[in-house]
Protein chains: 2
Amino acid sequence: VLKRYRAVVAYDGTRYLGFQRQNEQPTVQSELEQAIQRCAGQQVTILGAGRTDSGVHALGQVVAFDLEWSQGPTALQRAFNAILPPDIAVNDLSEARADFHPRYDARWRTYEYRIFNAPVRSPFHRQWSWQVRRPLDLALLSQAAGLLIGAQDFATFGRPTAGESTVREVRRAEWRVEKDLVLFGIEANAFLYRMVRSLVGTMKIVGEGHWSVEAFQAALQARERRRAGPTAPPQGLYLVAVTYDDNV
Amino acid sequence: VLKRYRAVVAYDGTRYLGFQRQNEQPTVQSELEQAIQRCAGQQVTILGAGRTDSGVHALGQVVAFDLEWSQGPTALQRAFNAILPPDIAVNDLSEARADFHPRYDARWRTYEYRIFNAPVRSPFHRQWSWQVRRPLDLALLSQAAGLLIGAQDFATFGRPTAGESTVREVRRAEWRVEKDLVLFGIEANAFLYRMVRSLVGTMKIVGEGHWSVEAFQAALQARERRRAGPTAPPQGLYLVAVTYDDNV
């Protein structure tokens, strides 16, 4: 019998053109679909919670697919991990409701952006963060992040998909420091296209002292895409978690 | 005028056949020598404190070289970092005594070995650690490490260079846990060839409960290479620091 499965997937996005399948290009979706084809001999279409961009990483992407599989989810997870390339791992796999949809059912999405804030580059952070040489002011960054909380129109920081509203509800937005890393965590019901990278690229200018917090607030309130600062590069961005209302 | 310089170098060892130059193979030494050739137009030989093996990383390798350079060490460090590939970085550069030798003058060397101790593999740790799936017992690991302190014959855990003694003085050897990582730090006056990896591979069996601490002690006291356990893989090993007696 065909059952729907739900999996939590982590990946190093460095060598992928994002999550979503694109012709013959390397994408996370096509790797997952090929792995299922190889371990179960069935052609499936993977549904994903978030279409992460080229070079963006995931710690907790959620996917779903329908499969005939008699050996239980644990064996399926093991088979998956034995076949998948080393830069993709399935961290959890379970049966789901037949109508579970990882994107439409998602209630909250959490992203993290990692800035390596040091004057000299590091061989160990280059694939995992954005290097900013000038010291960032955590207090200024935190003030800017505080303005993001609530249901607001984020048109300044990203494009909607056709015809959609640009209002999003942010329930957490905070900066913290861990040694040489300055990390931004944000949780919202959904995000506009490139919204996190646009927010980070603009707040970075605030943290460097080039823009005031008031200038950032004015940009936010302008609701015009051209008022945003530069977009931060993809290798610092992680899809950390997607949460759902109850057991789906 | 020719001056001797000293540099602290960090590298991701993944794509190198170790530190030391080997014909036309990619090594850290040859990358550094080529970078100097390109920024100063001089052919130099780099001296290194530790000949790290293929795939081994460094946070604080110390190197020295002689160069005619009139623009000061800061400009030299910048030129270096502009030319070096992204997996090598010069973190510090200064003038040194004309007879400073990073290997012969070294007083203490610190290595760290990183074990990723989790049942499912991680796309983010694969290049930086050794994955051990079975949970390791920190108390057992710590008991084994405690036996290493002092000046002892480590013939079980490594080969000496021709005719050399196998006695080494260990002044720190300890395990600690950071989230999913189990980390071994060791500081000694010098190390035998592959000694840290041989120690870690053998202590790992103790931490899994396959060998008793007494069996580990007996292997150490036997002073026979064949009594060691397996050698841990290179990607978990980091040359952390090399220290010198005074300002050299």
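Analyst: Happy to. On a 1 Å grid over the protein atoms alone, a pocket is an open set of points where a 1.4 Å probe fits, with protein on both sides within 12 Å along at least five of seven lines, and lining residues have an atom within 4 Å of a point. This is a predicted model, where local features need pLDDT of at least 70 and side-chain atom pairs pLDDT 80 or more, while totals for chains, interfaces and linings use all residues. Residues are numbered from 1 along each chain as written, chains are lettered from A and ligands numbered from 1 in the order written, and side-chain values use heavy atoms, without hydrogens and water.

The largest pocket holds about 1,700 Å³, the space filled by probe spheres set on points joined across faces, edges and corners. Its lining counts 45 residues, and nearest its centre lie His125(A), Leu181(A), Arg114(B), His125(B) and Leu181(B). By class, 23 lining residues are nonpolar, eight polar and 14 charged; Ala, Val, Leu, Ile, Met, Phe, Trp, Tyr, Cys and Pro count as nonpolar, Asp, Glu, Lys and Arg as charged, and the others, Gly among them, as polar.

Strands (DSSP runs of E, at least two residues, numbered from the N terminus) contribute from both chains. Strands S5 (106-117), S8 (167-178), S9 (181-188) and S10 (237-244) of chain A and strands S5 (106-117), S8 (167-178) and S9 (181-188) of chain B each supply at least two lining residues.

Of the 248 residues in chain A, 53% are buried, meaning under 20% relative accessible area with a 1.4 Å probe, protein chains only.

Conventions
Helix = DSSP H or I, 4+ residues; strand = E, 2+ residues; numbered from the N terminus. Buried < 20%, exposed > 50% of the residue type's maximum accessible area, 1.4 Å probe, protein only.
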